[in-house]
Amino acid sequence: MNEPSFRTVKSSQVILKELMVPSYANFGGKVHGGVILSLMDKIAYTCAASHAKAYCVTASVDSVDFVNPVEVGELLTLYASVNYVGTSSMEVGIKVVSEDFKNGIVKHTNTSYFTMVAVDEITRKPVPVPGLILEDDQEIKRFAVGKLRKQLNRNHRREMSEARQAIDFAQEIRMLKGENCQIVRS
Ligand SMILES: CC(C)(COP(=O)(O)OP(=O)(O)OC[C@H]1O[C@@H](n2cnc3c(N)ncnc32)[C@H](O)[C@@H]1OP(=O)(O)O)[C@@H](O)C(=O)NCCC(=O)NCCS
């Protein structure tokens with residue numbers, strides 16, 4: 001049976017809810033950032049694999065800024081949606097909110113973007129994914145911004161790689177004067 005070459009955004013949207021139990025806490029009593037990152041990776045996979053109907057890997061994660069701490073006992077809700085699709089890559093937008101049952105307060109924890117790539121399960125080489133059917137202005141805007149983010153991230157990776165190769169080590173050591181480090185090599 002032929003797979004459809006385009007799918008709607010809604011067909012792969014995912015919501016994941018998880019109670020923040022005491023074993024998720026760090027020494028400060030708040031939920032570990034790593035627990036939230038792990039849940040984000042899980043929902044990104046579910047959303048991307050559901051769109052692609054294929055095995056997917058996480059290629060990159062955009063910056064994750066935790067704007068509010070998450071407390072033990074709160075309910076975490078993650079919303080994931082495919083924003084943008086290239087040839088084999090998909091940008092999955094993830095919004096995380098936490099809810100305190102006692103007072104009903106809902107806090108925005110973070111929003112981030114995961115790039116997932118569909119790969120052949122045996123060769124691990126990228127495989128094409130269906131396109132996106134965009135049904136409203138918000139979906140069109142998210143697709144356009146996702147395309148822009150892919151381009152900017154690609155430029156950044158290239159510039160970073162070029163800059164690293166061009167580093168003059170002796171000059172860099174002089175530039176470290178005044179930085180918060182001590183060079184103690186013999
Ligand atoms: C992601 C991966 C499949 C890309 O393979 P590749 O041979 O470099 O593939 P290509 O250069 O042809 O790129 C394929 C797609 O991935 C995207 N891509 C590759 N590297 C990327 C990166 N670092 N960030 C974002 N997107 C990336 C490309 O833009 C391209 O998208 P498109 O097909 O929509 O245009 C490969 O690097 C890989 O397997 N990485 C390990 C992933 C993994 O194990 N993740 C879990 C970590 S625990």
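A residue counts as buried if 20 or more other C-beta atoms lie within 10 Å of its own, as exposed if 12 or fewer do, and as partly exposed in between; the C-beta atoms are placed from the backbone. Strands (E, at least two residues) and helices (H or I, at least four) are DSSP runs, numbered from the N terminus.

The model is predicted: local features need pLDDT of at least 70, side-chain atom pairs count only at pLDDT 80 or more, and totals for chains, interfaces and linings use all residues. Residues are numbered from 1 along each chain as its sequence is written.

**Exercise 1. Find how many residues of strand S2 are buried, and which strand S2 joins.**

Step 1. Take residues 14-19, the six residues of S2. The count of buried residues among them is zero.

Step 2. Look for the partner. Six bridges join S2 to strand S4 (residues 75-85), and the two run antiparallel. Within this pair, Ile15 has Tyr79 as its bridge partner.

**Exercise 2. Work out the strand order of the open sheet, then explain why S2 and S3 each have a side without a neighbour.**

Step 1. Apply the pairing rule: two strands pair if DSSP finds at least two bridges between them.

Step 2. Read off the order. The five strands run S2-S4-S5-S6-S3, with antiparallel pairing.

Step 3. Inspect the ends. S2 and S3 are edge strands with a single partner strand each, so one side of each has no neighbour in the sheet. From one strand to the next, the twist averages 30 degrees.

**Exercise 3. Locate Lys53 and Arg124, and state whether each is exposed or partly exposed.**

Step 1. Lys53 lies in the loop between helix H1 (33-52) and S3. Its phi is positive, about 55 degrees, although it is not a glycine. Lys53 has 13 other C-beta atoms within 10 Å, so it is partly exposed.

Step 2. Arg124 sits in the loop between S6 and strand S7 (131-133). Its phi is also positive, about 65 degrees. Arg124 has 10 C-beta neighbours inside 10 Å, so it counts as exposed.

Methods. Axes are lines fitted to C-alpha atoms, for helices over the stretch in contact, and angles run from 0 to 180 degrees between N-to-C directions.
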